[in-house]
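Student: I would like to learn how to read the features of a model like this one. Please take them one by one.

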Amino acid sequence: QVQLVESGGGLVQPGGSLRLSCEASGLTFSNLAMSWHRQAPGKEREFVAGITNAGGTTRYADSVKDRFTISRDNAKNTLYLQMNSLKPEDTAVYYCVAPSRGYWGQGTQVTVSS
């Protein structure tokens, strides 16, 4: 079974921080580029951040650049998203994705509100 299980979501005030984790199993995690996507209510899913298999290259959506950091620990089969300076516009369900294989997690809710 291929599983991508997100955790770490929750409620945070504007300007606060959260760290999302994605634990992968049933796939060769260290050989795959990974990414985070999100979907806000009433909006389409959008790309947030991506990372190459060894973690050497990252890219970000303009809306989160300089605020979010994607990283991975291949020894732990885990992907991370450090989210700082959060804004209400960041409120969404965040998904862990192996885009080359079409694998998606079930998502974790992030709510940014006073």
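Student: Which strand is joined to β1, and by how many bridges?

Tutor: Strands are DSSP runs of E, at least two residues long, numbered from the N terminus, and two of them pair if DSSP finds at least two bridges between them. Here β1 and β3 (residues 18-25) run antiparallel and are joined by 5 bridges. Glu-6 has Cys-22 in β3 as its bridge partner. This is a predicted model, in which local features need pLDDT of at least 70 and side-chain atom pairs count only at pLDDT 80 or more, while totals for chains, interfaces and linings use all residues. Residues are numbered from 1 along each chain as its sequence is written, and side-chain values use heavy atoms, with hydrogens and water left out.

Student: What is the strand order of the open sheet?

Tutor: The order is β1-β3-β8-β7, 4 strands with antiparallel pairing. β1 (3-7) and β7 (68-73) are the edge strands, each pairing on one side only.

Student: Which residues of the largest nonpolar core touch the most other members?

Tutor: In soluble globular proteins, nonpolar side chains tend to be buried together. A nonpolar core is a set of buried Ala, Val, Leu, Ile, Met, Phe, Trp, Tyr and Cys residues joined through side-chain atoms within 4.5 Å; buried means under 20% relative accessible area, exposed over 50%, and partly exposed in between (1.4 Å probe, protein chains only). In this model the largest core has 29 residues, of which Met-34, Trp-36, Leu-79, Leu-81 and Tyr-94 touch the most other members. Strands that each supply at least two residues of this core include β4 (34-39), β5 (46-51) and β9 (92-98).

Student: How is an aromatic pair described?

Tutor: By the distance of the ring centres and the angle of the planes. Rings of Phe, Tyr and Trp (its six-membered ring) pair if their centres lie within 6.5 Å; planes under 30 degrees apart count as stacked, over 60 as edge-to-face and the rest as tilted. The count here is 1 aromatic pair. Tyr-95 and Trp-104 form it edge-to-face, at 5.8 Å centre to centre and 70 degrees between the planes. Tyr-95 is buried, at 10% relative accessible area, whereas Trp-104 is partly exposed, at 36%.

Student: Which charged residues sit over rings?

Tutor: The test is that NZ of Lys or CZ of Arg is within 6 Å of the ring centre and within 35 degrees of the ring normal. Arg-19 lies over the face of Tyr-80, 4.1 Å from the ring centre. Arg-72 has its charged end over the ring of Phe-29, 4.4 Å from the centre.
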